[in-house]
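Good morning, and thank you for coming. Please look at the sequence and the model on the screen, and I will then take you through a few of its features.

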Amino acid sequence: MLAAKNACEADHADEEQEIDEVTAALAWHDGDAEATIRTLLADCKHLREQLALTEIAMSLGFTRGWRPACARGNEAEQP
């Protein structure tokens, strides 16, 4: 019971210390917006490549019919 209480308190503390991700990304690049965008685009490219490799390597039985997609939400439905 004590562990559950500590977990709830830790979740609450995380909410209070929520970090603005945009500000953090810009700070990582010393305020250089272009460098930030280039890094984020490179990260997206890398993750899409990893997703493509994963899709090739995994079977439908493993995922119970689910297939990963590069597009998000409504983007997947558009032609």
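Let us begin with His29: is this residue buried or exposed? In this predicted model, His29 has a relative accessibility of 18% and therefore counts as buried, since the cut-off for that class is under 20%. The residue sits in the loop between H2 and H3. Leaving aside residues up to four places away in sequence, His29 touches Ala35, Thr36 and Thr39.

Now consider what lies on either side. Helix H2 covers residues 21-28, and of its eight residues the number buried is zero, so this helix lies largely in the open. Just after H2, Asp30 adopts a positive phi of about 55°.

Finally, let us turn to the chain as a whole. The protein chain contains four helices and zero strands, and its elements run α-α-α-α from the N terminus on. Of its 79 residues, 6% count as buried, and His29 is one that counts as buried. The accessible surface of the protein chain comes to about 7,200 Å², and carbon and sulfur atoms account for 59% of that surface.

Notes
Residues numbered from 1 in each chain as written. Predicted model: local features only at pLDDT ≥ 70, side-chain atom pairs only at ≥ 80, totals over all residues. Heavy atoms only, no water. Buried < 20%, exposed > 50% of the residue type's maximum accessible area, 1.4 Å probe, protein only. Helix = DSSP H or I, 4+ residues; strand = E, 2+ residues; numbered from the N terminus. Contact = heavy atoms within 4.5 Å. Areas by Shrake-Rupley, 256 points an atom, 1.4 Å probe, with all protein chains shown as cover.
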